[in-house]
Amino acid sequence: MRTFLVLWRRELLAYALSPTAYLVMVLFLAVTGAGFWILVAALAAGPGAAAGATELLGWVFLLTLLVAAPLLTMRLFAEERRSGTFETLMTAPVRDVEVVLAKYAGAVTFFAVMLLPTLAYGPLLRAAAAIPPPADPAAMAGVYAGALGVGAFLLAIGLLASALTRSQIAAGLLAFAAISLFLLGGLLPYVWHTATADRIGAYLSPVAHMADLSSGVFDTRPAAFYAISTAWVLFATVRVLESRRWR
Amino acid sequence: MVRIEHVTKRFGGITAVDDLSFEVARGEVVGVLGPNGAGKTTTLRMIAGYLRPTGGTITVGGRSVQDDSIEVRRRTGYMPEHAALYPEMRVAEYLRYRAALKGVPVRRVRRRVAEAAEQCGIGPVLNRTIGHLSKGYRQRVALADTLVHEPELLILDEPTLGLDPNQIRQARDLVRGLAERHTVLLSSHILPEVEMTCSRVIILHRGRLLAAEPVRALARRMNRNARIVAQVRAPPDAVRDELAALAAGGRLTAESAGEWTEARFEAAGDEDPRPAVAAAAARRGWDLRELRRDAQSLEEIFLALTGGQAPHGEAAP
């Protein structure tokens, strides 16, 4: 456990000292902030526009993640492999699984910190509005849990991509492609208007999952989907690290 | 301390280490010698637990590197070939992180970092950012890292690579100092360096063990057929008469250059003939202005060890 904590702290420090991380954070807040502003403007125009606008905000969030997740994770293994620090790291008394989990926990922690400022949106809106809108804390908590869950899954994909290559760019592109494929699954219902496409879309679309959560519906299927997929990707990452010893 | 038995490592179709066996006793300083591509780094990486052997067994302190890797790594300090550090961290910060990672108890971390820093002479740069350090300092930070958890075994891969002569001398003194408390296994492709720091050498060539012998035996090998060049202020004939006994087969050339004579010959025995040359010059009252030994290169020693043939395509049973 101590090994994990020591590694995790070092990962957090690496984020704190990384210009890329700050840049990603600023861009993420700028884009989601713009999305939020559009949503508020749409809601002010009338209730009819609201449904489409919520979905739009969902997609804005996912598209930012599509870029942010590879940027935040591509460095993690690729850079250590390229610079040679990987050898020093792996000859210390650390287990492969500890290294993977610590790096992953570091990325998820940074992502959670990145989400924190958006918590101000609600209070800001209430302070600015003439008639304070009603707030549903449970739905809010649900949406944040959903955002964290989706983000955590995409970060795991990025981590796996980083373990596969010693080039950061290649790792980033690989993660970008994999995440794009996953998001395309959620877009199927927009392309084919069939029952099957709708079913697949409902299973895969993070936007649909977040929309459910925002209206206070908690479905265990997406929760299980993200938990299992994330665990599986992390397991694959550990195996990739182990395979290196044999090559 | 280290026992390697019939270890083989293949990368795809390439055999990097081929049926290698040797031992290192506790407290020894052993140099692994060989030209580039001899399998030195691969061997050290396997002992450090970074790579797994394709076949054979490696034990460190009686523990199997394959089965008890974490415990072995806790007792081993490994410095890879290119001192790779996190450039964005400060030296003290990095060493504290590494100490904690290698299981130094929390209350001892600070003291151990201070001690290792003192030992490696990096006290003055403890608060500097690693990325801003010179190559020599970075190397020493890496060495402090390998020492910080007081390992029984130190594995140093080319510890002087890329250092300037002054830094090489300091690194050498440092390694010699380490020998008092640790078993040291270091690799190098520079003969004199190993000669000065190690008590025993293991010579690898193309992944095979060519020789494992005390450094004194290696020195004798180096002297054998070493070319001696001496310049004395004396007539060539007198020089030839005086020094012929030291030359292999009495073959010696003596060329006159003004009032100086340059004698060149190959050493006859295993002993270094230079003291004898100096003594002869002193006895005859000749001025001596140059006396050097062009020792055999590592390549030449390999040739000698393999019976005068380049070890190409040796028939494997």
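Is A:T73 buried or exposed? The exercises below treat this residue and other parts of the structure.

The model is predicted, so local features need pLDDT of at least 70 and side-chain atom pairs count only at pLDDT 80 or more, while totals for chains, interfaces and linings use all residues. Residues are numbered from 1 along each chain as its sequence is written, chains are lettered from A and ligands numbered from 1 in the order in which they are written, and side-chain values use heavy atoms, without hydrogens and water.

**Exercise 1. Classify A:T73 and describe its surroundings.**

Step 1. Buried means under 20% relative accessible area, exposed over 50%, and partly exposed in between, with a 1.4 Å probe and protein chains only.

Step 2. A:T73 has a relative accessibility of 1% and therefore counts as buried.

Step 3. The residue belongs to helix 3 (residues 50–73) of chain A. Helices (H or I, at least four residues) and strands (E, at least two) are DSSP runs, numbered from the N terminus.

Step 4. With neighbours within four places in sequence left aside, A:T73 is in contact (heavy atoms within 4.5 Å) with A:A107, A:L155, A:G158, A:L159 and A:S162.

**Exercise 2. Characterise the largest cavity and the second largest cavity.**

Step 1. On a 1 Å grid over the protein atoms alone, a cavity is a set of points where a 1.4 Å probe fits but cannot get out, and lining residues have an atom within 4 Å of a point. A volume is the space filled by probe spheres set on the points, which are joined across faces, edges and corners.

Step 2. There are three cavities of 30 Å³ or more.

Step 3. The lining of the largest cavity includes B:M79, B:R140 and B:P159. Helix 6 of chain B gives the largest share of this lining, five residues.

Step 4. The lining of the largest cavity divides into seven nonpolar, four polar and one charged residue. Here Ala, Val, Leu, Ile, Met, Phe, Trp, Tyr, Cys and Pro count as nonpolar, Asp, Glu, Lys and Arg as charged, and the others, Gly among them, as polar.

Step 5. Among the residues lining the second largest cavity are B:P159, B:T160 and B:E193. Helix 6 of chain B gives the most to this lining, with three residues.

**Exercise 3. Describe the contact between chain A and chain B.**

Step 1. The contact takes 26 residues from chain A and 31 residues from chain B.

Step 2. The buried area, which is the accessible area (1.4 Å probe) that two parts lose on being put together, summed over both, is about 2,600 Å² between chain A and chain B. Carbon and sulfur atoms give 59% of this area.

Step 3. A:R10, A:E87 and A:P93 supply 25% of the area that chain A buries against chain B, more than any other three residues.

Technical notes
1 Å grid on protein atoms, 1.4 Å probe; cavity = no way out; pocket = protein on both sides within 12 Å on 5 of 7 lines; lining within 4 Å.
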